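Hi everyone, thanks for coming. Today I'd like to walk you through a structure that is new to this group, so let's bring it up on the screen.

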Amino acid sequence: MASIDESKEKLKELYATREEMEKEMAEIAQRLTEPGMPGLRGALVDREGFPIPGVDLYQVRGDRGRYATLRNDHAEVTKELEKRLAELHLQAGAIEKQQRDEDDAFMRARARAAAQYGAPPGARAFAYVDEVTPGSPASMAGMRVGDVVLMFGDVVGPHEANTLPRVASMLAEREGHPVAVWVSRGGVDVRLDVTPRAWEGRGLLGCHMRPR
């Protein structure tokens with residue numbers, strides 16, 4: 001079995017690989033959800049069977065294919081991360097003491113997100129809502145300027161890297177389906193259910209968040 005230092009180094013490599021995948025997935029999702037674009041799953045022809053005007057169908061198909069490949073690779077890397085984390089915990093012999101360790105962050109985040117009975121225990125803000133467009137999905141769900149984001153779907157922070165690109169990627173994956181969002185508003189934790197979708201404005205949400 002590899003040493004603890006070797007295991008940690010491998011974990012860093014896997015995290016870096018996954019983050020690069022997530023960054024590229026977010027870029028593809030952003031391109032495909034721009035105004036006039038068909039999104040990740042939308043039809044490439046109109047009701048009469050003609051190609052959507054102004055859309056490079058070959059580029060869209062290429063982006064969709066690349067996104068699907070990245071999604072599958074991302075799942076495999078995540079499985080390898082879980083395996084490596086379990087080995088590291090056994091080596092260290094103190095799983096409870098490492099709950100705040102960066103290497104264990106995503107596993108605890110998934111457990112909290114699955115429960116969704118309340119705001120994540122000990123969750124810390126990773127983003128600040130500084131713009132909400134009236135009539136947007138975010139506005140309809142009750143998001144407000146000044147909301148401090150604690151958890152967006154299964155994304156928590158701030159110890160998870162690239163939280164906002166991960167949010168963008170997750171929104172594209174969950175288009176048309178509600179996503180649980182926990183924000184702190186006036187010192188009170190509030191749960192909102194936001195459904196990312198195409199609308200007359202930009203993106204799938206209609207709000208802007210900046211890192212906190």
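Here is something to look for first: which residue forms a salt bridge with Arg71? The partner is Glu173, and the closest N and O atoms of the two are 3.9 Å apart. Before I go on, please keep in mind that this is a predicted model.

What I like about this pair is where its two members sit. Glu173 belongs to helix H5, while Arg71 belongs to helix H2, which covers residues 57-92. The two are 102 residues apart, and the pair links distant parts of the chain. How open are they to the outside? Glu173 has a relative accessibility of 25%, so it counts as partly exposed. Arg71 comes out at 36%, and it is partly exposed too.

Let me show you a few others.

Stay on helix H2 for a moment. Glu76 forms a salt bridge with Lys79, again with 3.9 Å between the closest N and O atoms. Both of these residues lie in H2, three residues apart, which is about one turn of the helix. Lys79 has a relative accessible area of 51%, and because the cut-off for exposed is over 50%, Lys79 counts as exposed.

Arg191 is partly exposed at 33%, and Asp193 is partly exposed at 44%. Elsewhere, salt bridges that share partners join Arg18, Glu22 and Arg166 into one network.

His74 is placed in helix H2. Is His74 buried or exposed? With a relative accessibility of 17%, it counts as buried, since the cut-off for buried is under 20%. And what does His74 touch? Leaving out residues up to four places away in sequence, the list is Arg18, Met21, Glu22 and Met25.

The residue just before it is worth a look as well. Asp73 is also found in helix H2, and with a relative accessible area of 34% it is partly exposed. Asp73 and Arg18 are 55 residues apart in sequence, yet their C-alpha atoms are 8.7 Å apart in space.

Let's finish with the empty space. Rolling a probe the size of a water molecule over the atoms shows where empty space is left. The largest pocket here has a volume of about 770 Å³. Its lining is made of 24 residues, and those nearest the centre are Gln30, Ala168, Leu171, Gly203 and Cys207. The elements giving two or more residues to this lining are helix H1 (4-32), helix H5 (163-173) and strand S6 (207-211).

Which element gives the most? That would be H5, with six residues.

Technical notes: Residues are numbered from 1 along each chain as its sequence is written. This is a predicted model: local features need pLDDT of at least 70, side-chain atom pairs count only at pLDDT 80 or more; totals for chains, interfaces and linings use all residues. Side-chain values use heavy atoms; hydrogens and water are left out. On a 1 Å grid over the protein atoms alone, a cavity is a set of points where a 1.4 Å probe fits but cannot get out, and a pocket is an open set with protein on both sides within 12 Å along at least five of seven lines; lining residues have an atom within 4 Å of a point. Grid points are joined across faces, edges and corners, and a volume is the space filled by probe spheres set on the points. Helices (H or I, at least four residues) and strands (E, at least two) are DSSP runs, numbered from the N terminus. A salt bridge is a side-chain nitrogen of Lys or Arg within 4 Å of a carboxyl oxygen of Asp or Glu. Buried means under 20% relative accessible area, exposed over 50%, partly exposed in between (1.4 Å probe, protein chains only). Contact means heavy atoms within 4.5 Å.
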